[in-house]
Amino acid sequence: MKSISLHIEKTFDFIKEGAIEGFKAQIKAANEALENGTGKGNDFLGWLHLPSSISKSEIDELNATAKVLRDNCEVVVVAGIGGSYLGARAVIEALNNSFSWLQEKKEGNPVIVFAGNNISEDYISELTEYLAGKKFGVINISKSGTTTETALAFRLLKKQCEDQRGKEMARKVLVAITDAKKGAARITADKEGYKSFIIPDNVGGRFSVLTPVGLLPIAVAGFDIAQLIKGAADMEKELSKDENNIAYIYAATRNALYQSGKKTEILVNFHPKLHFIAEWWKQLFGESEGKENKGIFPAAVDFTTDLHSMGQWIQEGERSIYETVISIETPNRELHVPSDKENLDGLNFLAGKRIDEVNKMAELGTQLAHVDGGVPNIKISVPQLNEYYIGQLFYFFEKTCGISGYVLGVNPFNQPGVEAYKKNMFALLNKPGYEADSKAIQEKLKK
Ligand code: PA5
C-alpha cells in the first residue's frame, strides 16, 4: 500500500544549515514524553493509540446507527463546533461530489448539513426553513454538552424534528455524541432515550475525529470508516519507527522555520474539496500551539482560486510566511480538454491534456514562483483522495502536532484562551452564575 510522503527540500535555503537536525534530541524527547505520558496535558493522550485500538464491534455499532439515520432521513444535520464538527466535515466534503448539496437524497445517502457552529440568526433560520417538510435527523455532538452554539441549535432542531416527525420517530433519528456522565446533552439524551455514543475523557475535541464524533457522521454520509481507521492505524505504526519518521521531520522543519522568523504557515490545496481539511488542520495546530504568546499562525488558501486574491500577498508581502502544500497525486476522475476548430479562446495548446495536468503545472509554477519570492515550501504528497489516505493524513498531522507543541514548550492539549470570550458573552447575557462578571463588564463598558 502506498503512503503519503513529505518533501522539505524547498525549505533548506531559508534555514541555517543543520537547523532541522538540531531539533533531533528535542523531537526524540517530545516523542518519548507522548509515548510515556510524562509531558504536559498527559491526561489527553487517548488519541495516540486510538486508531489501532478501535474494535470491529465499535465500527459495526457505528455503521448500524448510521443505517438507521440513512434509512429514515433525507437530511442529517450534524450539530457541533470546533473539534466536534470539523473532522467530519473535512472528510465528507473531501469525498462527496462537489455538488451533492444541490442534489436530493441519492442512492441512500442523506444530504449532510452542519449547524451549531455559529450563532447567526439568518443561518439558523434559513436552515429551519430548508428542513421544513423534510425527513431529517440530527447528530448532536458536544463533549462538554454545554457549548452554547451547539445547544442553541439543538434546542431548535429537536423541537422542529419532534413537531414534524412526531416524538417516536424523533427519538429514532436524534443521536447524541457526548460525555459519559456530565453535561446537558447527556442529560437530554438519557431522559429522552436517544441512541448515544461516548467521547472518551482522554480525547480532546480537536483530536476526536476518529471517535464517534467524526466516525458517525462520516458513516451516515456513506463513507467507509473502516478504511479511514485503517489509514490512520497504518500511519500510527509507521510513525512508531524512529527512521524516516515524517512526523519528526515535519515537526522539526516547522520549528526550524519558526525560529528563522517564519511565523505563519499557510496550508495550500489545489482542490476546493480540501477546504475543510485545512479548516480542521487550522484548528488542530492553532488551538494546540497558540498560547503563552507563542505559536505559528496556521492559515490556509484554496488555489488556484486564491492565487487571484491572496497570491499577491504571498508572492510579495512581508516575508514571514511559509507554505505547506497538500498535493493530490491522482484525481479520482478523468477529464480532457477538448479541441476546438476555431480556437477562439486560444486554448488549443492544451487540447487533449487532462485538466489535472494543467492544475499540476499551476501547482509547480506556483511553488517555483513562491520559493523564488522568498517563501519556503513543504509538500505533502497524497496518492489519492479517499478514506484510507485521509486517515493517514489525520494521524500524521495529530502526531506532528503533539510533538511540535512539546518542542515549542507548550501544552498542546488544552485551550484556556477559548474561555475568555465565553465569560464575557455569558456576563453580557446575564447568565446565572455570572453576576459578578456582569457587573464588572458593565463598568468596563461605561469607560
Ligand atoms: O478542541 C476542542 O476542544 C474544541 O474545539 C471543542 O471541540 C469545541 O469547543 C467544542 O466543544 P464541545 O465538544 O464541548 O461542545
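A salt bridge is a side-chain nitrogen of Lys or Arg within 4 Å of a carboxyl oxygen of Asp or Glu. This is a predicted model, in which local features need pLDDT of at least 70 and side-chain atom pairs count only at pLDDT 80 or more, while totals for chains, interfaces and linings use all residues. Residues are numbered from 1 along each chain as its sequence is written, and side-chain values use heavy atoms, with hydrogens and water left out. A search of the whole structure finds 25 salt bridges.

**Salt bridges**

- K399 forms a salt bridge with E35, and the closest N and O atoms are 3.4 Å apart.
- K399 belongs to helix 14 (residues 387-408) and E35 to helix 1 (residues 24-36), so the pair ties together parts that are 364 residues apart in sequence; helices (H or I, at least four residues) and strands (E, at least two) are DSSP runs, numbered from the N terminus.
- K399 is buried, at 1% relative accessible area, whereas E35 is partly exposed, at 33%; buried means under 20% relative accessible area, exposed over 50%, and partly exposed in between (1.4 Å probe, protein chains only).
- E192 and K167 also meet in a salt bridge through their side chains, at 3.0 Å from N to O.
- This pair links distant parts of the chain, with E192 in helix 7 (residues 184-192) and K167 in helix 6, 25 residues apart.
- E192 counts as buried at 15% relative accessibility, while K167 is partly exposed at 41%.
- K158, E162, K167 and E192 are linked in a network of salt bridges.

- The largest cavity has a volume of about 30 Å³, a volume being the space filled by probe spheres set on the points, which are joined across faces, edges and corners.
- Its lining (residues with an atom within 4 Å of a point) consists of A115, I124, L127, T128, A153, L156 and L157.
- Helix 5 (121-131) and helix 6 (148-173) are the elements that give two or more residues to this lining.

**Surface patch**

- F99, W101 and L102 form a nonpolar patch on the surface, with about 400 Å² of accessible area together; such patches join nonpolar side chains (Val, Leu, Ile, Met, Phe, Trp, Tyr) within 5 Å, from residues with over 30% relative accessible area and no salt bridge.
- Accessible areas come from the Shrake-Rupley method with a 1.4 Å probe, and for residues only the protein chains shown count as cover.
- W101 lies in the loop between helix 4 (86-95) and strand 3 (111-115), and W101 is exposed, with a relative accessible area of 58%.

Conventions
On a 1 Å grid over the protein atoms alone, a cavity is a set of points where a 1.4 Å probe fits but cannot get out, and a pocket is an open set with protein on both sides within 12 Å along at least five of seven lines; lining residues have an atom within 4 Å of a point. Patches are made of residues with over 30% relative accessible area and no salt bridge: like charges are joined within 9 Å, nonpolar side chains (Val, Leu, Ile, Met, Phe, Trp, Tyr) within 5 Å.
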